[in-house]
Amino acid sequence: MSFEPKIVGFLCNWCSYAGADLAGTSRMKYAPNVRVVRVMCSGRMDPTFVLKAFQRGADGVLVCGCHPGDCHYMEGNYKTARRISLLKRMLAQLGIEDERLRLEWVSASEGERFARIVDDMTKRIKELGPFAKQKVSGGQHAKA
Amino acid sequence: MEDKGIRIGVYVCHCGSNIAGTVDVKEVVEFAKGLPSVVVAKDYIYMCSEPGQNMLKEDIENHRLSRVVVAACSPRLHELTFRRACQEAGINPYLFQQANIREQCSWVTENSDSATEKAKALVAGAVRRVYYQEPLETREAPMNPNTLVIGGGIAGIQSALEIADSGHKVYLVETSPSIGGHMAQLDKTFPTLDCSSCILTPKMTLVSSHRYIELMTYSEVEEVTGYVGNFKVKIRKKARYVNQDKCTGCGVCQEKCPFKVDSEFDAGIGKRKVIYTPFPQAVPNVPVIDAQHCVYFLKGTCRACEKFCEAKAIDFDQKDELEEVEVGSIILATGYNVFDPSPLYQYRYGQLDNVITSLQFERMVNAAGPTGGKIVLKDGSTPESIAIFHCVGSRDENYHKYCSRVCCMHALKYSHLIKEKTGAEVYQMYIDMRCFGKGYEEFYKRLSEEGVYFIRGKVAEVTDRAVTKEEEGKLIVVGEDTLLPGVIRVPVDMVILCVALEPQPDVEAIARLFNISRGADGFFLERHPKLDPVATTTDGVFIVGCCQGPKDIPDSVVQASAAAARLLAMISKGRVEVEAATAEINEELCSGCRVCNNVCPFSAIAFDEEKKLSHINEVLCKGCGVCAAACPSGVISGKHFTTAQILAEIEGVLA
């Protein structure tokens, strides 16, 4: 059986979760690999959530928030942007590929964009291969 | 997972075939039965229906459930429905969790097996999460009965009057010197051919004399703080340089002012004085001085208006004033802007004479307009033939993809007015005739019988290069009639471009000011396109009229009244529910590092100097959770989105 990556998606309630819902109402088909966890704001993203996901067998983590300037809570997405870039540096040191963690801005009207991002991320992670396998062979993995 | 006597019920909805057509709901139910702490799992055709909810309530009692998971549509649709059902059956509404297996699963997945797998994962996530959920108390705050309406067009006027008629105070803010909006610029209204200002001006007068409406024209909102029920809004009243209390509206200043500039109200085809009211029926009837063009402000001379003003109302030293108002809710009625057709080079707008926009034609045909209602060419003569182009900037991949909804109808109206006033030949260059409203199709039929030519096809270009004798001195419309073979050339005297309705140039700034979203078309986004077209994602902020999308006058009025009704319901209840899912600091463990103090965008966290601890003001907290993620000691919990709950959900979806 071909490798089907598991991706955990953290979506902010106001823009990205609504955007993902719109993809559904518009019946856009996209890869079934993303499992969404709703947060009120992408600013709620604690780095441990990402590490926990990898620890529990996720092959990728997608974080989506409102476009810069459009945050429902004014500036939560800016804080996420900074946290994610710091976290990416740490993940690199742990030998985790950059593409396994992705931050994207998706507005409430961008259902199509959300679908495209999920498809693209799924494709890239398929190319990278499973995260768990890397754990077994290389031993380089994150422990949250 | 430790067992604290937690008993979870899981309900999987078929949603007819919307979910069950793709997801094997029976398999999901069987899977759910095997999850820890789940004591009952069932499927049902429509969980949101009354029998569905009753089943839920009965199970809560019979199985002594302490937590409930419903796997159905998006929580954005029915979370409240099921929370309420739980509450009615005696469970705290925050002990409910919804798994979105429709919008984010069955509708977006082609393969039935992978949709079922995904649904199982989402249900497992919800079950693990709900285990850690805690009961919360919804809090209530008093509702300030005052309302702020922004925009004084027909939509804003309608909302303001409806609310004020109930005896509640309304602040109506308008950026231009007078209320009236675009409707005041129109001549007749379709399909009844009522005179636009005849039906509008009585309403404008009502606004100005209403004891419950405080009108602030030539004013703009600068800052908005607070939340539903208790907003604080800073409004800048721009300097008019005319004392509103002293001015009698006699108009002498406008007569004596020696300088003229293009009139915005006349869409550039007429002139106005530098001290002006936009139109004779302006409300309030108090002029403003356009400081950008006034010779006194530019060179320090003139002061003619001051000299002739008997009421001594001219005040060159007037400054902008800031006023703060407190309101419970806000209605945005900021309207639309008309598309500038200059980028459509092929239509030669701004280059050839007698190529005008629909709004310019409205002003020309209006008896109070610059030509006194005469339809004339640049040289003063009467046109013998006129072409009207539909969909200029609308239904166009390069500009606006949407249909502007009013152009077909106003193009028909123009045909009638042209026929009536000049007897000229009229050519309608249309793509599709969209006459959807009450009496609209009948109006189309009537015009077809008045001898108007309908040519189906998008015009390729307008040119003044004549190839035959009849074309000399004319504007030649070149295009294709898709109902007939070959290219057509129609020589006419005048071209009217029915331009698109587009979002206001400052729409982005307004959206940010009020913290609301915009759709792909740039207009403000409603909370739900069908079931909640007047509310926004920010509680207490409503949108009416064309700022939500192009619409005609009846639709704007309907929406304006709908928002007023929603608002009056809130006012009569007198209280508003405020977010229960706020953040909380465990004071025992807080180290007082103050990291959270600075990350809070609402300044809801303050440092208690005495205890050397941070403290969250629950009234100001909006529950974004940014502090919970930032706290280095991990002692801030975002209620209903605690770290334990989110980690459990992550484990669940990956199990």
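Q: How many helices and strands does chain B have?
A: In this predicted model, chain B has 18 helices and 34 strands. The C-alpha trace of chain B spans about 90 × 70 × 40 Å along its principal axes.

Q: What share of the residues in chain B is buried, and how much accessible surface does the chain have?
A: A residue counts as buried when its relative accessible area is under 20%. Of the 655 residues in chain B, 56% are buried, while the accessible surface of the chain comes to about 28200 Å², with 49% of that area belonging to carbon and sulfur atoms.

Q: What can be read from contacts and charges in chain B?
A: Contacts can be sorted by how far apart the partners lie in sequence, and among those in chain B between residues at least 6 apart, 69% join residues at least 24 apart. For charges, one can compare mean positions: those of the 71 positive and 85 negative charges of chain B are 3 Å apart.

Q: Which residues touch the most other members of the largest nonpolar core?
A: A nonpolar core is made of buried residues joined through side-chain atoms within 4.5 Å. The largest nonpolar core has 95 residues, and A:Phe10, B:Val10 and B:Val68 touch the most other members. Helix 5 of chain B, residues 112-132, gives the largest share of this core, with nine residues. Another core, of 38 residues, lies apart from it and has B:Ala155, B:Ala164, B:Leu172 and B:Ile571 among its members.

Q: Which residues does B:Val68 touch, beyond those up to four places away in sequence?
A: Its partners include B:Gly9, B:Tyr11, B:Leu56, B:Ile60 and B:Cys86, as well as B:Ile91, B:Leu95, B:Phe96, B:Gln97 and B:Val130.

Q: How is strand 2 of chain A covered, and how does strand 1 of chain A run beside it?
A: A strand has two faces, and here both are covered: A:Val34, A:Val36 and A:Arg38 are buried on one side, and A:Arg35, A:Val37 and A:Val39 are buried on the other. Strand 1 (residues 7-12) and strand 2 of chain A run parallel and are joined by six bridges, and A:Gly9 stands opposite A:Val36.

Q: Why is helix 11 of chain B said to be largely enclosed by the rest of the structure?
A: Helix 11, residues 358-365 of chain B, is described in that way because eight of its eight residues are buried. The elements covering these buried residues include strand 8, strand 19 (336-338), strand 20 (355-357), helix 12 (407-421) and strand 27 (494-499) of chain B.

Q: Where is B:Asp187, and is this residue buried or exposed?
A: B:Asp187 is placed in the loop between strand 7 (170-173) and strand 8 (188-189) of chain B, and B:Asp187 counts as buried because its relative accessibility is 5%. Leaving aside neighbours within four places in sequence, B:Asp187 is in contact with residues including B:Asp194, B:Cys195, B:Ser196 and B:Leu417. Its contacts also include B:Glu362 and B:Val365, two residues that are buried in helix 11 of chain B.

Technical notes. Residues are numbered from 1 along each chain as its sequence is written. Chains are lettered from A and ligands numbered from 1 in the order in which they are written. This is a predicted model: local features need pLDDT of at least 70, side-chain atom pairs count only at pLDDT 80 or more; totals for chains, interfaces and linings use all residues. Side-chain values use heavy atoms; hydrogens and water are left out. Helices (H or I, at least four residues) and strands (E, at least two) are DSSP runs, numbered from the N terminus. Buried means under 20% relative accessible area, exposed over 50%, partly exposed in between (1.4 Å probe, protein chains only). Contact means heavy atoms within 4.5 Å. Accessible areas come from the Shrake-Rupley method with a 1.4 Å probe; for residues, only the protein chains shown count as cover. Lys and Arg count as positive and Asp and Glu as negative; His and the chain ends are not counted. The place of a charge is taken as NZ of Lys, CZ of Arg, CG of Asp or CD of Glu. Two strands pair if DSSP finds at least two bridges between them.
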